[in-house]
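Here's a quick walk through the model, strand by strand and then on to a few other spots. Have the structure open as you read.

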Amino acid sequence: MEFIVEKIGMSRTISVPSTSVTLLKVKDIKVVEVKDDKSLVAYSDGKKFNKAIEGMQKKYNLSKEFNRFAEIETANKEAGDLDVTPIATGKTAKVTFTSKGRGFSGVIKRHGFAGGPGGHGSRFHRAPGSIGNCEWPGRVQPGQKMPGQYGNTTKTVKNEILEFNADSGIIVVKGSVPGANGALGRVRIEK
C-alpha cells in the first residue's frame with residue numbers, strides 16, 4: 001500500500017543506545033475513485049488552483065482544500081477516507097522523495113575530488129584537472145566526472161518502521177530520508 005507523506009524532520013529515540021529517526025506525517029487523503037490495481041486520491045498541497053483542478057473538485061464533490069490528485073495503491077475497496085491500517089502492521093517502508101537540489105556544483109562538492117594545494121603559488125585549487133586522454137582516443141570519455149547539476153532527483157530508500165501513531169498520523173522510521181523538511185513524498189508499506 002502507498003501513502004502520500006510530508007517529511008517533518010529528524011530526531012532521536014530516548015533508548016540506550018539512541019537511534020536516529022525520521023518523522024513522516026501521512027497527509028489527509030480522500031479516495032475519490034477505486035480502479036483495478038490503483039486508486040485516484042485527492043490531497044491538499046499549497047494554494048494552487050486552476051480550471052482543471054476546479055473541474056476535478058466538482059466531479060468528485062470535494063472541498064477547495066483538496067487541490068492535488070495522484071494514483072496510488074490503497075487498501076480501500078470504495079471511495080472515502082484513506083484506510084491507514086496497513087501502516088500499523090507494516091515492518092518496512094520504501095520511502096520516495098526528491099532529494100535536495102544543490103544547483104550547478106563543482107567536482108569537489110559533486111564527486112568528492114581532493115583539489116590541489118592551497119598555497120605556494122599553486123593555481124590548482126578546486127578545478128577538476130585533466131579530463132582527456134593522449135593522442136589516442138583523442139577525446140573525453142563518456143561518463144567523465146565533471147561539474148554540473150547535483151541533487152534534485154527522485155531517490156528511494158528502505159527504512160524500518162519503528163512506530164505509527166494513528167491519532168496524529170505520524171510514522172517514525174529508522175534512519176534518514178532524502179529531501180527537505182516539509183517536502184512531500186510517497187511511502188510504500190511492505191510486510
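Predicted model: local features only at pLDDT ≥ 70, side-chain atom pairs only at ≥ 80, totals over all residues.

## β10 and β7

β10 (residues 154-165) also pairs with β7 (residues 92-98), again in the antiparallel sense, over seven bridges.

## The four-stranded sheet

Now for another sheet. In what order do the four strands of the open sheet run? The order is β5-β4-β3-β6, with antiparallel pairing. The edges belong to β5 (68-72) and β6 (80-81); each has a single partner strand, so one side of each has no neighbour in the sheet.

The β6 end is worth a look. Strand β3 (residues 29-34) and β6 run antiparallel and are joined by two bridges. Lys-30 is the residue that stands opposite Asp-81 in β6.

## Around helix α1

Helix α1 covers residues 51-59, and Asn-50 caps its N-terminal end. The cap shows up as a side-chain oxygen of Asn-50 lying 3.2 Å from the backbone nitrogen of Ala-52.

Just after α1 there's another asparagine to check: Asn-61 takes a positive phi of about 60°.

Is Glu-2 buried or exposed? With a relative accessibility of 11%, Glu-2 counts as buried, because the cut-off for buried is under 20%. Glu-2 belongs to strand β1, which spans residues 2-12.

Leaving aside residues up to four places away in sequence, Glu-2 touches Ile-72, Glu-73, Arg-186, Val-187 and Arg-188. Ile-72 falls within β5 (68-72), one of the edge strands described above.

## The largest pocket

Finally, the largest pocket. How much space lies in it? The answer is about 180 Å³. Its lining is made up of 13 residues, and those nearest the centre are Val-26, Lys-27, Asp-28, Leu-82 and Val-84.

By residue type, the lining of the largest pocket splits into six nonpolar, two polar and five charged.

Notes
Residues numbered from 1 in each chain as written. Heavy atoms only, no water. Polar contact = N/O pair within 3.5 Å; in protein donor to acceptor, adjacent residues only side chain to side chain. Pairing = 2+ DSSP bridges. Buried < 20%, exposed > 50% of the residue type's maximum accessible area, 1.4 Å probe, protein only. Contact = heavy atoms within 4.5 Å. 1 Å grid on protein atoms, 1.4 Å probe; cavity = no way out; pocket = protein on both sides within 12 Å on 5 of 7 lines; lining within 4 Å. Points joined across faces, edges and corners; volume = space filled by probe spheres on them. Nonpolar A, V, L, I, M, F, W, Y, C, P; charged D, E, K, R; others polar.
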